[in-house]
Amino acid sequence: MIGRECQKDNDLFFTCSLIEAISRKTKNRRSDVVDALGRASIEKIYNLADVYHSDNLNRVCEDFIEKAEIKDGTFDNVSAARYAIPSHWDMGKVYKRLILGIAREKEIPVVDALFEAYHSFVSEKIDDYNSSFYYDAPQNILNAFLDGKIR
């Protein structure tokens with residue numbers, strides 16, 4: 001453990017933040033970026049996050065966009081936002097907490113939980129910056145995922 005959290009939790013935070021940054025840069029849904037990157041690249045990012053984190057984030061984004069041949073989309077939740085826009089780091093933290101909760105509750109590997117989180121209805125709610133859901137309590141977001149509904 002280094003700092004306030006274990007290294008792998010911080011690696012997941014970076015992985016989620018990178019997914020968010022790529023999604024914003026290419027105007028794609030987060031699930032589409034996860035699918036385009038694929039399991040092998042997601043695992044590589046997660047396993048080498050400490051290396052990628054020390055590099056320029058824009059360059060890392062561009063490298064993965066090019067390698068995965070991610071085309072520009074039309075999903076632009078940043079431009080659609082009427083209020084303050086959370087940073088890609090803020091959203092990385094939201095997704096990290098959700099993914100760790102899913103992995104813990106379902107007793108599955110973190111990368112499997114990542115795919116479940118980004119392909120769930122909760123992801124659509126998190127990515128709506130005009131709602132307050134993304135800054136709801138982490139346990140409430142996890143409960144919504146586990147229950148299949150928002151209370």
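Biologist: What kind of model is it, and how are residues numbered?

Modeller: It is a predicted model, where local features need pLDDT of at least 70, side-chain atom pairs count only at pLDDT 80 or more, and totals for chains, interfaces and linings use all residues. Residues are numbered from 1 along each chain as its sequence is written, and side-chain values use heavy atoms, with hydrogens and water left out.

Biologist: Is α1 mostly covered or uncovered?

Modeller: Mostly covered: 14 of the 20 residues in α1 are buried (under 20% relative accessible area, 1.4 Å probe, protein chains only). Helices here are DSSP runs of H or I with at least four residues, numbered from the N terminus.

Biologist: What comes just after α1?

Modeller: Lys-27, with a positive phi of about 55 degrees.

Biologist: Other topic. At what angle do α6 and α7 pack?

Modeller: About 115 degrees, with the axes 8 Å apart. Axes are lines fitted to C-alpha atoms over the stretch in contact, and angles run from 0 to 180 degrees between N-to-C directions.

Biologist: Which residues meet there?

Modeller: Among them are Tyr-95, Leu-98 and Ile-99 in α6, and Val-110, Ala-113 and Leu-114 in α7. Contact means heavy atoms within 4.5 Å.

Biologist: And the largest nonpolar core, how many residues?

Modeller: It has 45, being buried Ala, Val, Leu, Ile, Met, Phe, Trp, Tyr and Cys joined through side-chain atoms within 4.5 Å. Ile-126 is one of those with the most contacts inside it.

Biologist: What does Ile-126 contact?

Modeller: Leaving aside neighbours within four places in sequence, Ile-126 is in contact with residues including Met-91, Phe-133 and Ile-141.

Technical notes: Buried < 20%, exposed > 50% of the residue type's maximum accessible area, 1.4 Å probe, protein only. Helix = DSSP H or I, 4+ residues; strand = E, 2+ residues; numbered from the N terminus.
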